[in-house]
Amino acid sequence: MIRFLPLLLVLSAPLAIAGPYPGPAGTAGSDAIVYNDARFVNWASGHLDYAFGTSVVAQWRTPAKAYGPATTDTLDIVCLGDNGKITLFFPHPIRDGEGADFAVFENSFSATFLELAFVEVSSDGVNFVRFPNASLSTGTVGGFGSVDATNISGFAGKHKVGFGTPFDLASLPASPLLDRDHVCFVRLIDIVGDGSAKDSSNRTILDPYPTTGSAGFDLEAIGVINQNTGDFRMFPSVVTATTCELEWESNPGRSYQIETSTSLANWTPVQTVIARPDRGSSLFTAPRSTAPTQYWRVTRVGD
Ligand SMILES: [Ca+2]
Ligand SMILES: [Ca+2]
Ligand SMILES: [Ca+2]
């Protein structure tokens, strides 16, 4: 009789919890993308804003730890805290190409301790569109409870450290406010797992809650799969008190128009620059405005 017991456990456990969505990394049909997958062509390079929520100690409030390639280091993260958010940008806009267009990396140590975030994208930094999402989790998750990846879809944080959760711009609802071929910003908003957050169908979203110190979603990296290296690039820049250095990949001898904006709604021409014939990048020192936030874009002009 004892011999049958393990068999019963094996048969019953998956049937009780499995949902309809792709499962954890390493399982059949999983949508997880490993951090060193050759499809990644770029990574987040800066952030527009960061508003950490509650229960985040100072140690985890460094947005730059979400820049650059995914590391698999669970400490190389910026923590959002409960209901916190961050908006990142990239060397080139993301575009809607074949399949997944980018992937978000969290730092979960397991396939089931899944701290989730809403994912929104924007072309202009003002109007954001949220990815459709679904949470079929039931019962109680608690501070150290678990979430079954097959019960969730459309959230960042579905996979453990080292594995990105893919997002396909083609799955977004049509919006005149979003240009899917010029997605310049990705925003992550922590989901508080106390039952107050709702998915796209108004179902309750559950994830680990309450937690302390590094509460909520921990952003490790965002990898770009399909990018737009065409004639539109945006470079919110590191600035000094009076100037701002812009650097971009350029075609030798081609002309580029530099524009600035304080709101992303209206753009003011600054100067047209002809790229040097002997190198593949250009550098321009632009005047710093007195506005608290200043954006830049560089557009290739002419044929
Ligand atoms: Ca796509
Ligand atoms: Ca956390
Ligand atoms: Ca990182």
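The legends below describe close-up views of a predicted model.

Local features are given at pLDDT of at least 70 and side-chain atom pairs at pLDDT 80 or more, whereas totals for chains, interfaces and linings use all residues, and side-chain values rest on heavy atoms without hydrogens or water. Residues are numbered from 1 along each chain as its sequence is written, with chains lettered from A and ligands numbered from 1 in the order in which they are written.

**View 1. Domain layout of the protein chain.** The chain is assigned domain 1 (7–224) and domain 2 (231–300); such bounds come from an automatic or database domain assignment. The centres of domain 1 and domain 2, taken over C-alpha atoms, are 31 Å apart.

**View 2. The calcium ion (ligand 3) and its protein donors.** K65 (O), D76 (O), D76 (OD), E220 (O) and E220 (OE) lie 2.3 to 2.6 Å from the ion. Donors are N, O and S atoms within 2.8 Å of the metal, or 3.2 Å for Na, K and Ca; water is not among the atoms, so sites may look incomplete. Along the chain, the donors follow the spacing K-x10-D-x143-E. K65 belongs to the loop between β3 (46–51) and β4 (78–79) and E220 to the loop between β13 (218–219) and β14 (221–224), so the pair ties together parts that are 155 residues apart in sequence. Strands are DSSP runs of E with at least two residues, numbered from the N terminus. K65 is partly exposed, at 29% relative accessible area, while E220 is buried, at 0%. Here, buried means under 20% relative accessible area, exposed over 50% and partly exposed in between, with a 1.4 Å probe and protein chains only.

**View 3. Aromatic pair of F102 and F131.** The structure holds 9 aromatic pairs. Rings of Phe, Tyr and Trp (its six-membered ring) pair if their centres lie within 6.5 Å; planes under 30 degrees apart count as stacked, over 60 as edge-to-face and the rest as tilted. F102 and F131 form an edge-to-face pair, with 5.9 Å centre to centre and 70° between the planes. F102 stands in strand β6 (residues 102–105) and F131 in the loop between β8 (129–130) and β9 (134–135), 29 residues apart, and the pair thus links distant parts of the chain. F102 is buried at 0% relative accessibility, and F131 is buried at 2%.

**View 4. Rings of F118 and F155, with R130 over F118.** The ring centres of F118 and F155 are 6.1 Å apart and their planes meet at 55°, so the pair is tilted. Distant parts of the chain are linked here: F118 lies in strand β7 (residues 117–122) and F155 in the loop between β10 (152–153) and β11 (163–167), 37 residues apart. Both F118 and F155 are buried. R130 lies over the face of F118, at 3.7 Å from the ring centre; a charge sits over a ring if NZ of Lys or CZ of Arg is within 6 Å of the ring centre and within 35 degrees of the ring normal.

**View 5. The largest nonpolar core.** This core has 28 residues, and those with the most contacts inside it are F102, V104, V121, L188, L219 and I222. A nonpolar core is a set of buried Ala, Val, Leu, Ile, Met, Phe, Trp, Tyr and Cys residues joined through side-chain atoms within 4.5 Å. At least two residues come from each of β5 (85–94), β6, β7, β12 (183–190) and β14, and the largest share, 4 residues, from β5. Not counting residues up to four places away in sequence, I222 touches a set of residues including W43, L88, F90, F102, V104 and L188; contact means heavy atoms within 4.5 Å.

View 6. S135 is buried, with a relative accessible area of 2%. Leaving aside residues up to four places away in sequence, S135 touches N151, I152, F155, D199, R203, T204, I205 and L206.

View 7. N202 counts as exposed, at 58% relative accessibility.
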